[in-house]
Amino acid sequence: MSTPPSQVARRAQLLEEVPSPVVVIDQSYTIVDHNRAFAELFGEGRGRPCFEVTHRRPQQCPGCPASETFADGQRRVLEETGVDRSGRPVHYLVQLTPLRDASDVVQYVAAVSTDLTATRWLQREYQTLFDKVPCYVTVVNRDLRVVRANERFRETFGAARGEHCYTLFKGRFEPCEDCPVLMTFQDGCGHTSRHVGVAASGAATHYVVSTEPLQRDGGQVSHVIEMALDITQEQRLQEELALANLLRQALVENTPEAIVVVDAERRVVLTNRAAEALLGRRREQLLGRRIPPGLVPARARGVFLGRRDSCVIDDVELSGSRGERIPVRLTGVALRHGGEHVGAAFIARDLRERKRLEKEKLEAERLAAVGQTVAGLAHGIKNILTGLEGGMYVTSTGLAKGDQRRVQQGWEMLERNMGRISSLVKNLLAFSRGEEPRPALIDPGAVVADVVGLYRDSAEQHGVTLEAAVADGIAPAAMDREGLHTCLANLVSNALDACLVAQAGGCSVKVALREEEEALIFEVSDTGCGMDYDVKQRAFTSFFSTKGAGGTGLGLLITRKIVQQHGGSVTFESTPGAGTTFRLRFPRSRLPQLPRGEEANRREGVHRRPRRTAPAKE
Amino acid sequence: MSSSDRQRVPRVALVDDEVDVTTYLACALEERGYQVLACNQATAALVRLRAFVPDLICLDLLMPEELGTSLYVAVRHDDMLAHSRVLILSGLDARSELASLIAAHPELPPPDGYIDKPVDLAAFLIAVDALLHATGEVQA
């Protein structure tokens, strides 16, 4: 029974087209035929020994499976590693089939190969993935015993195949209550839960477990793969963050300073209890909303808009919820992240209490001054009384003895002490007159010019140089013109006296006016005798005078009273033999309020421009 | 002491920049028969004191420009005035002033008496009489 030629041709074509390499060798291991797929893998091989073509060997391979098939006539399937036409190793599964002749002798062996190279790569990739994936991977059977564990797991929990997963992960002797593996065995679904295990090192290990069922055979889950992601680091960071947040919150909430933080859109993102109290608004009324305009003073806008890094405004007013003005010390800090403006933080210190204390202190000082004044007054009057007593005594002695000289002397004493009483009363009236200053918008420089003009002749007569130094551009201020005049006149008069006592030639007195940090500063300096410690201590004591009968001891007291009524302060420096400088400082923000009409003028800017020349006398 | 010394009229000097005070006290002291020198210029006082050689110097310690204290130091260091007693005519402030002065000059003897200002005439005269009596200038 022979095969028809058409069928032979068809079979040959079929062999040629099979996508797997097929080769036929004879008993001398010489390739008698192969298809195209074989040639593509190993190259043309007809007439050459198979070991040379597929393994690049000079002689037959040791343990050659084909020789066994020639011997026993059995089919064989085995894995082989050969060398392809380019010299690269190639893995394939080969099936050896004996081809027999009519007498049943195996004349040829046909080898059909399946290329395994790609599969091998996949296997290796899978193994690498399994071992190196950044989580602990285990395969657990129905007894909850670990049948496979990846490298990462073994490194952390120790290598142990066949042990229970709960022992390996947590050192327990029974399954965990919330075991996700058991749940997966029960319902065949994946589960995820958080756990804390104990690493081989003894350290607590936080991880998130996800389980997946494996090998469904007829609906039965035989194994579960457990993938645990280590979150110990994250857990620690979270704990640190929580602690940092707790600290921040404790600090922010309990600081006595009001804190308001806004984002780049100027919406409030953080505030505290002190801010609620200061601004009279609950935080729900602030958070997430645009910051009310009354809470950002003009001078803080640069920080608010991210144009300036920070600002500190010593005394500024914010608007409370009911429109009330709240004096605060405001610190602003622009917030930047990676060079980008992300918002601003404002810290406000409530100055109301301080202002109240300042006011109380001022009041206490005023009362103390009244007490000192009364004591001093009694002393001053007693001195005058002694003078009068003496005058009467001398007069009566003179009269009794008919001594005209005595009578004259006594009479002069009486007259002199009557004069002292008159002068004292006049000064007392000046001291007590006008409880409140009567402010008007005046040019402070003009008052300096007036006072210097008033004393110029007297200074010249005594050889003292008197000059004024008024800085340019001093804006008008709401002050009591007469009061300021009295203050400067008192200081200039004292300075001239100090020059006369010094009895040295070339003395000078300078009256200066300048503006610093929104405060007017008047300085009267002399190069006269200066004051020693004792005189300095008593400079502002009522009825203390270094001028003998020439002074009432009220000048500096009156000066200080007027300055304080203007919200200002008096300080002085003095060196015996070198001179004295008295300084009057008037912060503009504390000057008295103008009467209503004047205020309107001021708003309209009528007096805004500083006057460079002294105005006509008011 | 010689009898001529004993019969000599006691001399009292008043040093105070307030004319009213010296006029008043001088008048009263003269009424009591003392020989009186009144000085209102502290700067010229030392020369006049040396010429007068008083038995008692009544000194206002708190004259301007420390003239009172420097005069006290000068008087106490002056050989010609070695026998002069010193009565301080000043308020309470003068005592602390003197205390610091003596601290600075340990060799300085303290004053022989104090009279507060404003001066009470009766108290002043008692103090003056007592000091002069103690020196034997006034006979009992």
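Colleague: Where does A:Arg266 lie in chain A?

Modeller: A:Arg266 sits in the loop that runs between β11 (258-263) and β12 (268-271) of chain A. The model is a predicted one, and in it the phi of A:Arg266 is near 70 degrees, a positive value in a residue other than glycine.

Colleague: How many other C-beta atoms are within 10 Å of A:Arg266?

Modeller: There are 15 other C-beta atoms within 10 Å, so A:Arg266 counts as partly exposed.

Colleague: What is the phi of A:Glu518?

Modeller: A:Glu518 has a positive phi of about 60 degrees, although A:Glu518 is not a glycine. This residue belongs to the loop between β19 (508-516) and β20 (519-526) of chain A.

Colleague: And is A:Glu518 buried or exposed?

Modeller: A:Glu518 is exposed, because it has 11 other C-beta atoms within 10 Å and the limit for an exposed residue is 12 or fewer.

Colleague: Let us step back to chain A as a whole. How many helices and strands does chain A have?

Modeller: Chain A contains 19 helices and 22 strands. It has 618 residues, of which 27% count as buried. Among contacts in chain A between residues at least 6 apart in sequence, 50% join residues at least 24 apart.

Colleague: What about a strand residue, A:Ala110: which strand is it in?

Modeller: A:Ala110 is part of strand β5 (residues 106-115) of chain A. With 19 other C-beta atoms within 10 Å, A:Ala110 is partly exposed.

Colleague: Which residues does A:Ala110 touch?

Modeller: Not counting residues up to four places away in sequence, A:Ala110 touches A:Val22, A:Val24, A:Thr97 and A:Leu99. The C-alpha atoms of A:Ala110 and A:Ile31 are separated by 9.7 Å, and these two residues are 79 residues apart along the chain.

Colleague: Turning to the helices, which residues of α8 in chain A are buried?

Modeller: In helix α8 (residues 180-187) of chain A, the buried residues are A:Val181, A:Thr184 and A:Phe185. Seen down the axis of α8(A), these buried residues fall within an arc of 100 degrees, so they line one face of the helix.

Colleague: What is on the other side of α8(A)?

Modeller: On that other side, A:Gln186 and A:Asp187 are exposed. Just after α8(A) comes A:Gly188, which takes a positive phi of about 70 degrees.

Colleague: At what angle do α15 and α16 of chain A pack?

Modeller: Helix α15 (residues 444-461) and helix α16 (residues 481-502) of chain A pack at an angle of about 35 degrees, and their axes are 9 Å apart. The crossing of α15(A) and α16(A) is right-handed.

Colleague: Which residues of α15(A) and α16(A) meet?

Modeller: From α15(A) they include A:Val447, A:Val451, A:Leu454 and A:Tyr455, and from α16(A) they include A:Leu484, A:Leu488, A:Val492 and A:Leu496. By class, the residues of this contact divide into 11 nonpolar, 2 polar and 2 charged.

Colleague: Now the other chain. How many residues does each of chain B and chain A give to the contact?

Modeller: The contact takes 12 residues from chain B and 18 residues from chain A. The side of chain B that touches chain A has 6 nonpolar, 1 polar and 5 charged residues.

Colleague: Within chain B, which residues of α4 are buried?

Modeller: In helix α4 (residues 67-77) of chain B, the buried residues are B:Gly68, B:Leu71, B:Tyr72 and B:Val75. They line one face of the helix, because their directions, seen down the axis of α4(B), fall within an arc of 105 degrees.

Colleague: What covers the buried residues of α4(B)?

Modeller: The cover includes β1 (11-15), α3 (42-52), β3 (56-59) and β4 (85-89) of chain B.

Colleague: How do α3(B) and α4(B) pack?

Modeller: Their axes are 10 Å apart and the angle is about 20 degrees. The two helices are therefore roughly parallel to each other, since angles under 35 degrees count as such. Their crossing is right-handed. Among the residues that make the contact are B:Leu46 and B:Leu49 of α3(B), together with B:Leu71 and B:Val75 of α4(B). The contact of α3(B) with α4(B) has 8 nonpolar, 2 polar and no charged residues.

Colleague: One last point: which residues in chain B does a cis peptide bond join?

Modeller: The cis peptide bond joins B:Lys117 and B:Pro118, with omega about -5 degrees. B:Pro118 is found in the loop between β5 (113-115) and α6 (121-134) of chain B.

Conventions:
Residues are numbered from 1 along each chain as its sequence is written. Chains are lettered from A and ligands numbered from 1 in the order in which they are written. This is a predicted model: local features need pLDDT of at least 70, side-chain atom pairs count only at pLDDT 80 or more; totals for chains, interfaces and linings use all residues. A residue is buried if 20 or more other C-beta atoms lie within 10 Å of its own, exposed if 12 or fewer, and partly exposed in between; C-beta atoms are placed from the backbone. Helices (H or I, at least four residues) and strands (E, at least two) are DSSP runs, numbered from the N terminus. The arc is that of the directions from the helix axis to the C-beta atoms. Two residues are in contact if their C-beta atoms, placed from the backbone, lie within 7 Å. Ala, Val, Leu, Ile, Met, Phe, Trp, Tyr, Cys and Pro count as nonpolar, Asp, Glu, Lys and Arg as charged, and the others, Gly among them, as polar. Axes are lines fitted to C-alpha atoms, for helices over the stretch in contact, and angles run from 0 to 180 degrees between N-to-C directions. Angles under 35 degrees count as roughly parallel, over 145 as roughly antiparallel, 65 to 115 as roughly perpendicular and the rest as oblique. A crossing is left-handed if the near helix is turned anticlockwise from the far one by less than a right angle, and right-handed if clockwise.
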